[in-house]
Amino acid sequence: MLCVRVWRGLSPLCRGHLSAWKRTQSRTAASRLDLSGMYPPIATPFTPEEDVDYQKLEGNLQKYAKIPFKGQDTQLFMEVQESLDRLQGSVRRTQMVLGLVVQGSNGEYPYLTEEERVEVVKTVRRSLPTDKLLMAGSGCESTRATVQLTEKMAAAGADVVLVVTPCFYKGKMDGRALIQHFTKVADSSPVPVVLYSVPANTGLELPLDAVVQLSQHPNILGLKDSGGDISRIGLIVHRTNTQDFQVLAGSAGFLMAAYSVGAVGGVCALANVLGRELCELESLCVSGRWEEARGLQQRLIEPNAAVTRKLGVPALKQAMEWFGFHGGACRSPLQPLTEAETQQLRRDFSSNGWL
C-alpha cells in the first residue's frame, strides 16, 4: 500500500492499476504521511485589477523551492519499489521534500471564488515536482460544500486538505456539530484531512474533547492549532498519543514552545518572509539545542506578531516585498497599510536584526 504522495509519483501505467483502490487507501495514507517540518501558508498575489496573478505566484514558488521547508527521506524510492512488489503490508511513515499550504488564512481564501481557489491549487501543483507535498484549504461554512470542495482540491492535486472550523453560526458550533462536520468530511475525502482551529479569525476554538474524538478517525491526520495556548497544545498531544495524530503550530510566535510540548512542525505566516530562519529554529528544536533556539525565537516574536494579529495579511505582503518575494496588494475590502503602520512594521523587523 502506498501513501497518496508516493502514488502521485508513479508512472501512468502503475496509476492505472492502482486507481481503483486509491480512495480507500487514503485512510492508510493518513496514518503514514509525516507532517513534521515547516510550511509556508502561501499568499495569493493579485494584479492591480485584483485578479489572481498566477505568474507572480509561480515566481514565489520558484523561490520557496530553494528553502528547506521539509527534509528529504533517502529511503523514499526504496519504499515505493517495495510497495509495488507487495501492494500490501506495512510501510513506515514517509517524509516529503517540501511542504506548502495553499488557501490558508494568508491566502485570502474567503475572498476567492470557488473556481479561483481550485485554479490556484492546480497552478501550485503544476509548479511543484512530484515529490512535493501540497496541503490545500477546503473548508466552507456548510458540510456539503466542504465535502464537494475537498473532492475538487484532491482532483486538483492536493495531497492533504486543511479544513477550518465553520463559524458563521458560531453560537451553534458546539462539539457535537463540529464532530459531525469533520467526520462527514473525513469519511468522504479521497485524501487525508488536517483540522484547522484559528479562533482569532473564526471566533471559536475547536473543543479539546472534539479534537481527541476526531483524532481516532482513520482519515484525520492532525491539527493545525493557531490559538497559541501552549497548555492546550500539550494536552492535545498527550491525550492523542495513542493515535497517529500530529499537531502543527499555527504561528511562529510560539513555535519553540509548541515543539517543547510535542508539536511536530508549524504552518507559519512568517515562513513566507523568513523561511530559512524558521527552518533553522525547527532544526534547533528538533536537535534539542534549546538555548540557541530561545535566542532565535525571541527575535521572531515581534515580526511575527506584526504580520499576523497586529497588522495582518497587508503587512505580510508588504514584508514579502522587502525580502524579494511578490506580495503586492490585498483583495478588497482589505486595505493597504497606512504610512504609520508601514513604519511600525519596518521597526518590528529592523529592531530584531532582519532589515
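Guide: Buried means under 20% relative accessible area, exposed means over 50%, and partly exposed lies in between (1.4 Å probe, protein chains only). This is a predicted model, where local features need pLDDT of at least 70, side-chain atom pairs count only at pLDDT 80 or more, and totals for chains, interfaces and linings use all residues. Residues are numbered from 1 along each chain as its sequence is written, and side-chain values use heavy atoms, with hydrogens and water left out.

Visitor: Why is K317 called buried?

Guide: K317 has a relative accessible area of 0%. The cut-off is under 20%. So K317 is buried.

Visitor: What makes the contact of K317 with E108 a salt bridge?

Guide: A salt bridge is a side-chain nitrogen of Lys or Arg within 4 Å of a carboxyl oxygen of Asp or Glu. In K317 and E108 the closest N and O atoms are 2.6 Å apart. The pair therefore meets the rule. By this rule the count comes to 11 salt bridges.

Visitor: How do you know that the pair K317 and E108 links distant parts of the chain?

Guide: K317 sits in helix α15 (residues 312-322), and E108 in the loop between β2 (98-102) and α6 (114-127). They are 209 residues apart. Helices (H or I, at least four residues) and strands (E, at least two) are DSSP runs, numbered from the N terminus.

Visitor: Is E108 buried or exposed?

Guide: E108 has a relative accessible area of 2%, so E108 is buried.

Visitor: What makes K152 and E114 a salt bridge?

Guide: Their closest N and O atoms are 2.4 Å apart. The limit is 4 Å. K152 lies in helix α7 (residues 143-156) and E114 in helix α6, 38 residues apart.

Visitor: Why does K152 count as partly exposed?

Guide: K152 has 40% relative accessibility. That value falls between the 20% and 50% cut-offs, so K152 is partly exposed. E114 is also partly exposed, at 31%.

Visitor: How do you know that R232 and E205 meet in a salt bridge?

Guide: The N to O distance is 3.5 Å, and the rule asks for within 4 Å. R232 is in helix α11 (residues 230-239), and E205 is in the loop between α9 (199-202) and α10 (208-214). R232 counts as buried at 7%, whereas E205 is partly exposed at 34%. Salt bridges that share partners join E205, D225 and R232 into one network.

Visitor: Why is α13 called roughly antiparallel to α14?

Guide: Axes are lines fitted to C-alpha atoms, for helices over the stretch in contact, and angles run from 0 to 180 degrees between N-to-C directions. Angles under 35 degrees count as roughly parallel, over 145 as roughly antiparallel, 65 to 115 as roughly perpendicular and the rest as oblique. Helix α13 (residues 275-286) and helix α14 (residues 290-310) pack at about 150°, with axes 8 Å apart. That makes α13 roughly antiparallel to α14.

Visitor: Which residues of α13 and α14 meet?

Guide: Contact means heavy atoms within 4.5 Å. Among the residues that meet are L278, L281 and L284 in α13, and W290, L296 and L300 in α14.
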